[in-house]
Amino acid sequence: MDVLDVASPSVARMNNYLLGGKDHYPADREVCERLLRIAPGARRVAEAGHRFLLRVTSRLAREHGVRQFVAFGAGLPTPLGVHQIAQRIDPRARTIYADDDPLVLAYHRALWEDRRRTLAVRAGPLQAAHVLSEPEVRALIDLTRPVAALFVSALHTIPEPADPAEVLEQTARLLAPGSFIVASHLVSEDAGLRGQASELMLGATGGRWGRVRSRAEVGRFFGTLRLLAPELVDVCQWWPGSDRAAAAGSPAWAEYGGVAMVR
């Protein structure tokens, strides 16, 4: 049984703090406040990433008929999650939440998991291919039918030297035609800020983090996958709908992402 370490910051709990949640501890809040001094837009950008996740889920379910979702780097439960959005459109929709934080797993199992339509598994984005081969996941998700693999706000948490592009490529190879890869990544066009933020997060998490990248670097992660319009953008600009008034990021700090179809 895992012992909860509240003295060390957790990426999931830090994101919960930035989103205005209540499941965080002093160590998480202290690092977030340091991050906010480096990147004052971090709260706004965290919210933009979460809204992007919900909009993508809704659009893929409504317009593309996707009924299976796997969320990597799922984070702590929020008032509205992927499975709730998907099941509003079709109650038969199925969702896997994957995260390598034991607290996240405990919360998901207590609050959201029913094992008939929703399942929580312990794994990080680097284990995406392994997750999709697990018997308990295969019992819920049919890989011969379209699946949306969601890496929202997850790629920048992949420690180097692992390559986020390879993670997406490996995942895509396992999915049926008509599936989707959804991914977003923290970006900054300020090299000094990128370095400061990455150093802070690497130190705070004991190396369980990747780095902030430029938009050009993130642009190659989808490889040959066909991106849906509007392709790679600040996530606030991806079919904003009722979120149109939401503040976008800035060249100094934003989340950059897109949705690609597997053919």
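A nonpolar core is a set of buried Ala, Val, Leu, Ile, Met, Phe, Trp, Tyr and Cys residues joined through side-chain atoms within 4.5 Å, where buried means under 20% relative accessible area with a 1.4 Å probe and protein chains only. The model examined here is predicted, so local features need pLDDT of at least 70 and side-chain atom pairs pLDDT 80 or more, whereas totals for chains, interfaces and linings use all residues. Residues are numbered from 1 along each chain, and side-chain values use heavy atoms, without hydrogens and water.

The largest nonpolar core holds 38 residues, of which Phe72, Ile96, Phe151, Leu175, Ile181 and Phe222 touch the most other members. Elements that each supply at least two residues of this core include strands E1 (68-72) and E2 (94-99) and helix H8 (164-174); helices (H or I, at least four residues) and strands (E, at least two) are DSSP runs, numbered from the N terminus. H8 gives the most, with 4 residues. A further core of 26 residues lies apart, with Ala48, Phe180, Val182 and Leu228 among them.

In strand E3, 4 of the 5 residues are buried. E2 and E3 run parallel and are joined by 5 bridges; strands pair if DSSP finds at least two bridges between them.

The structure contains 3 aromatic pairs, counted when ring centres of Phe, Tyr or Trp (its six-membered ring) lie within 6.5 Å, with planes under 30 degrees apart called stacked, over 60 edge-to-face and the rest tilted. One of them, phenylalanine 52 with tryptophan 238, is edge-to-face, at 5.8 Å centre to centre and 85° between the planes. Both phenylalanine 52 and tryptophan 238 are buried.

Key
Buried means under 20% relative accessible area, exposed over 50%, partly exposed in between (1.4 Å probe, protein chains only).
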